[in-house]
Amino acid sequence: MSFIETLRNTGFQGDIVLAISNVELLFKDVEDYLRSKENVVVYAHELTCFKSDGVTPSPRSLLNGGFDVFQMCLLDDVYGIKDSEGNIIEKLKDERIGRVVATLRYEWYWIWTARYNPESWIMLIDARDTFFQTNPFEGLPRNQNGLLYFFGENAEATRLGKSTKNANWLRRSYGEATLSVLWEKPTICSGSTMGEQKAIDTYIRALSE
Amino acid sequence: MWIFVLQGGGGGAGRFWTWNPSTSSSTSTTTLVWAANEDFHPKIDSSSQSELFEIAHEIEVLSPTHFPKPTYKYNNSAVVPIVEPTFGIHRPDQDVVMVREFFFVWSFFCGMYVVLFWGGASRRRVGVESDGETFVCTSYKSTEPFVLSLRSIQLTRFHFCLRIHGVVVVLSLGICRRV
């Protein structure tokens, strides 16, 4: 709520689009709160998730009061086929391998991005540790034909190699050799990105491939 | 240390609870007063000389068509997203902030609180600092477990004051001051 409240307090009047856990898992206050806010668009879609073996179906796992961020899930019934009048005639199961929610989010972003005009600016951000002091869209250059902003973290405080989390992600995905090359590079967190719609579309396709 | 749990209808937009130490003591009835929204001003550090944005000339955007749509695995161009909002309506001509899984569970508030309190930079960004003991209030029933759980934490030296509308408000018995 600090996320939404501080964002709105900056004067930002655009859309806020959220993917939330199943409504059933929310406290009622939360749903009421979200419904009470203007121009907040909420998607609550049940993910198909698995136990740690990656095979046995399982509801979203809770760990230490929050969701297990490493649980593998699929986006069933998110894609499908529509007839000429826009009616859904077939819902499709996810044909890709299971992904953690942090990875799945980019498909949500892609789906949402398609709902906006090419000139719109889009901010992708994690809500949990974010609050706003000023309107992030104020003074942005418009109609730049695909401007994309990445944000580097303070390289004096942390680096890809210095950050245990970043280092482990790179080590696990690409190996020690790649990590050593990137060790001194600044962290550019994918949890905060801005761009024009057409640029965000490209960026998300690349991440989702 | 006192902790107040306020339930129901406490959070008006743009307002926050403040503690008025002059009208109460640790044994007397507490007094909570409203502070106007104008009392709060974010601290913007404009002294930094670093460039906020630098163009990465070595990176060239190819084109949207270089990368396939996430539906490429279906190998069927008729496949499209079919999900619709549970509530709310997209406005295509607007700017938009997109947020992934936005859940409120106990750990959310705990995490937010820890990040804000123990992160000096975050505390400065909030723009308000305080001395004295800390009070936590909530007007939402769902946050009550979090607030009550703080009784088990050593709160005696919280130099922190934060306004979060309607949800968790961290107050100080001491004097709040701008930083």
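Modeller: Helices (H or I, at least four residues) and strands (E, at least two) are DSSP runs, numbered from the N terminus. This is a predicted model, where local features need pLDDT of at least 70 and side-chain atom pairs count only at pLDDT 80 or more, while totals for chains, interfaces and linings use all residues. Residues are numbered from 1 along each chain as its sequence is written, and chains are lettered from A and ligands numbered from 1 in the order in which they are written.

Colleague: OK. In S4(A), what is the bridge partner of Phe50(A)?

Modeller: Pro57(A). Strand S3 (residues 48–50) of chain A is joined to S4(A) by 2 bridges, and the two run antiparallel.

Colleague: And which order do the strands of that open sheet come in?

Modeller: S4-S3-S7 in chain A, 3 strands with antiparallel pairing. Strand S4 (57–58) and strand S7 (73–74) of chain A are at the edges with a single partner strand each, so one side of each has no neighbour in the sheet.

Colleague: What about the open sheet with 6 strands, what's its order?

Modeller: That one goes S2(A)-S1(A)-S4(B)-S10(A)-S12(A)-S11(A), with mixed pairing. Strand S2 (40–44) and S11 of chain A stand at its edges, each with a single partner strand, so one side of each is left without a neighbour. On average, neighbouring strands are turned by 20° against each other, direction ignored.

Colleague: How many bridges do S11(A) and S12(A) share?

Modeller: They pair over 4 bridges, in the antiparallel sense. In S12(A), Gly195(A) is the bridge partner of Leu148(A). H6(A) packs on the sheet, touching S10, S11 and S12 of chain A, and its direction makes about 140° with that of S12(A). For that angle, axes are lines fitted to C-alpha atoms, for helices over the stretch in contact, and angles run from 0 to 180 degrees between N-to-C directions. Contact here has a cut-off: the C-beta atoms of two residues, placed from the backbone, lie within 7 Å.

Colleague: Is H6(A) mostly covered or mostly open?

Modeller: Mostly covered, with 10 of its 12 residues buried. Buried takes 20 or more other C-beta atoms within 10 Å of a residue's own, exposed 12 or fewer, and partly exposed is in between, with C-beta atoms placed from the backbone. Among the buried ones are Ile200(A), Tyr203(A) and Ile204(A). The buried residues also pack against helix H3 (101–113) of chain A.

Colleague: Switching to the core: which residues have the most contacts inside the largest nonpolar one?

Modeller: Ile122(A) and Met98(B), in a core of 49 residues. H3(A) gives the most to this core, with 8 residues. A nonpolar core is a set of buried Ala, Val, Leu, Ile, Met, Phe, Trp, Tyr and Cys residues joined through C-beta atoms within 7 Å.

Colleague: What does Met98(B) touch?

Modeller: Leaving out residues up to four places away in sequence, Met98(B) touches Val17(A), Tyr109(A), Trp112(A), Ile122(A), Met123(A) and Leu124(A).

Colleague: Last one, why does Lys162(A) count as partly exposed?

Modeller: Because Lys162(A) has 13 C-beta neighbours inside 10 Å. Lys162(A) is in the loop between S11 and helix H4 (164–174) of chain A. Lys185(A) is 23 residues away from Lys162(A) in sequence and 9.5 Å away in space, C-alpha to C-alpha.

Technical notes. Two strands pair if DSSP finds at least two bridges between them.
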